[in-house]
Every structure is written in C-alpha cells, then in structure tokens.
Amino acid sequence: MKTNREIFETWPIPKALTELALPMIFGQLIILVYNLADTFFIGRTNNPLMVAGVSLLLPVFNISITFANLFGIGGGTLISRLMGAKRDSEAKSVSSFCFWLTIISGGIFSLTMYAFMTPILRMLGASDDTLKFAGQYTFCVIVIGAVPTILAMTLSNFLRSTGRAKQAGFGVSMGGIINIFLDPLFMFVILPKGDEVLGAGIATMLSNVIICLYFMTVILRSNDGIISLSPANVITSARNVYEVFAVGVPAAIAVTLFDITYIIIDKLASTYGDIPLAAVGIVLKAERLPLNIGIGLCQGMMPLAGYNYSAGNLARMKEAVNFSRLVGLVFGFASVAMYEIFAPLIMRIFIADTQTVALGTHFLRARVLATPFMFICFHLVNFFQAVGMGGRALLLGSARWLVFNIPLLFVMNWLFGMYGIVWTQVVADVMMASVSIFAYRNFEKSHNI
C-alpha cells in the first residue's frame, strides 16, 4: 500500500489525478461504447420498434446502479477515508460488509423483476409492438444478470477507492470490449433473424459476468489487507455501518431520482408515438460521451479528495477539486461544439430511418447544451460524497430532480410539447449549477479554505 498512499499524499495533483482518473475515464468510454453497442447493432436491423424496446430498459438498468452506489460509493468513499485516517482493519470489515449486502440486494432485485416484468415494462411505456423486445432484453440483462452487474460495479469502486484505478479501469474496459465482440456474434450468427434483441441481451449479460469474475480474482489475489470478500469479516462497527449508508443512501437516491426522470421522459415521449420514443432513446445514449468522461474524472477525484479530507490536508483536497472541475468544464464546452456540428452524423450511426434521424438531430442539439452545467452539478455532489457529507449530497441531488428537472418536464411538455421535453435538461441544470456552487462556497468558508 506504500505506493498507493504516495499517490494520495505526495504526488502533484495533476499527476495524481491523471493516475487515478485516466483509467476510469478510459473505462467509462468503454462502458459508453458497449452501452451504445446494443443500440448500434440493433439499429442495423433498421427496426425502430426494437430500438424503442431496448431503450425502455434504461430506467430499470439504472436501478442496478442504485444498488452499486449504495454499497460501492457508500463503502468505497468510507474505505478511502479510513485509509487516510490509518484505520486499515476497519476498511477491511467495511469492504466485506458491502460485498455481501450487494449480493443479497442484487438477488432480491432480480427476483422482483422476474415476478413483475410485464407490468413494470407496461408502466415504462412498452406498447404491444415493443413489449416482446423489452422483455427479452430485460430477462437477460436484469433477471439473470443483475447480481454480477451490480457486484462488478461495487468491486470496481472498491479498487478505485484504494488507488488501484488501473485494475478497475482495465476490468471495465475488458468487459466492454468483450460485449462489443459478443453482440454481433449472438445477434447475427448464433441466433436466428428476429431474435437480435435477445442476442444483444445475452451478450451484455455474459460480459458483465466476466467483469465480475475478473474483479473478484484481482481482489482475492491481493494481499494489501484493505479489501476483503470473506464473510468472516462482515461484522463492522455500528458507526461504520452508519457511514456507509449516510453516503450510500443519498447516492442511491440520486440515481433513483435520475431513473424516475428517465421513466417520465419515456412515458411523455411514448405519447407522441414509437418513432419519437426511438429518437429520444438514441439521444439519451448518444449524449453520454461527455457525461461518462466527467464521471470517470470524478471517480478519480473522489478517493483523492476523501483521503486528504480525512488526513486533514484541506489545501491538497481543494486543489484536487478545483483542477478536476477545470478539466471537466473544458471538455464539456468542447463536447457541446462537437455535438452541434455532428448531430446528424451521430444519429445516422445508430439508425438509417429518416424520420428518426431528423427528430433525433434536433433533440440531441438541444440536450447537449446542458453538458457543462450538468458536470458542475454531479461533480460537486460527488465531492460531498467523497468527504462523507451524504446529507449535502442528498440535498443537492434531490433538488436537481425534485425541484427543477421533474416539475419542469411536465411544464415544458405542456407548453412546448416534445421539444419542451428535450429542452428541460438545459433549463434545469443552469439553475441547479448555481445552487451547487453556492453550497460548495459555503463549505469552503466553514472550513476556512
């Protein structure tokens, strides 16, 4: 662990952030590619119904991220802070506690989805034409694949929290590459024509299983004394259990609210027909390039900020926060320019249907304007999670969705129809970014930094 502590304590911030964030950014890019791969390959069928059916699963898949945030971020950020306080044995117990609760919660989620799959998909907006495709994809990715998917994300957070971002990034990248290879194999070679969605689901599920096994192997072979998967180490102090949930629950709620927002978007879009729903489904995935890179950047910032906050080195913590925010904003503005120019080409990558491309181009150009403001919002939420201030993270995350985004979706839809839905993100995040900056400034004043 000596080398990892040097990254947190002595390396220059740009170098340390590069070491921690670059593998995570690369991993996030691969996640983006393999999330887009299913949409891309299904789009080769030129069947908007298949695209719409798969797009409906996004809110359900985000529930997986909810559980991963609960135990991965809740446990991972605590592990970083315990390392900073030189309490390694407690970090070991926390990791085991979160590992086994992840398995239990993932299993419950999987069984629940199996029992209520059809009514849930109907609630999300599945029509008679898209229900079959949504059900095939859900069965593979969620019913069978929920536990390994959630566990892989949790273990990736554990590795990142101890400074092993390279292993975490490699595992995520490997899974994405495998999924890209398996998608066309199952969709167009192994399974018959008409079962392309089923093939995409099987490929995604298998890739997540492989990622999970890789992370478990890396951890079991490690002798650093920080991360444990043994049930013998599950028992931890009541204080640490509270700390896990104090950060994990707000992180999970934030994703849940994000999920509810996407459900509302799908429901509102589905009232305009399957073509607009397909266009929105593609846009919600295509717009994620800057978001995923921003997430990777924040994933590198979080253990660095959390460790130094716990160690009392607030000046170094602030430098990490400021530098990561600057890098994120520069890339955010560059991404806006790229999407505005290449929006039609990006849409045609996924589908050739003229009407879907035309609608999606307008939608994409509108939504990406929110990118820099969106980054400010989740960057500061991640910061408060990193330093253990789950209450502030919950307040900011909840306000973003409950005060601004969700109410504005209904108002903008009522005023401007389909275009109001896609412009909501810009309006909401401009307002929320101001609130987030105000909250961070108050934190700085209260800590005299």
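Me: Why is Val283 called buried?

Reply: Val283 has a relative accessible area of 1%, and buried means under 20%, with exposed over 50% and partly exposed in between (1.4 Å probe, protein chains only), so Val283 is buried. This is a predicted model, in which local features need pLDDT of at least 70 and side-chain atom pairs count only at pLDDT 80 or more, while totals for chains, interfaces and linings use all residues. Residues are numbered from 1 along each chain as its sequence is written, and side-chain values use heavy atoms, leaving out hydrogens and water.

Me: Which residues does Val283 touch, not counting those up to four places away in sequence?

Reply: With contact meaning heavy atoms within 4.5 Å, Val283 touches Met347, Gly360, Phe363, Leu364 and Arg367. Phe363 in turn touches Pro276, Ala279, Val280 and Val283, as well as Met418, Tyr419 and Val422, again not counting residues up to four places away in sequence.

Me: What makes helix 12 largely enclosed by the rest of the structure?

Reply: Val283 lies in helix 12, where helices are DSSP runs (H or I, at least four residues) numbered from the N terminus. Eleven of the 13 residues of helix 12 are buried, so this helix is largely enclosed by the rest of the structure; among the buried ones are Pro276, Ala279, Val280 and Val283.

Me: How do you know that the span of helix 12 is close to the expected one?

Reply: The expected span is 1.5 Å times one less than the number of residues, and helix 12, residues 274-286, reaches 18 Å from its first C-alpha to its last, close to the 18 Å expected.

Definitions and conventions: Helix = DSSP H or I, 4+ residues; strand = E, 2+ residues; numbered from the N terminus.
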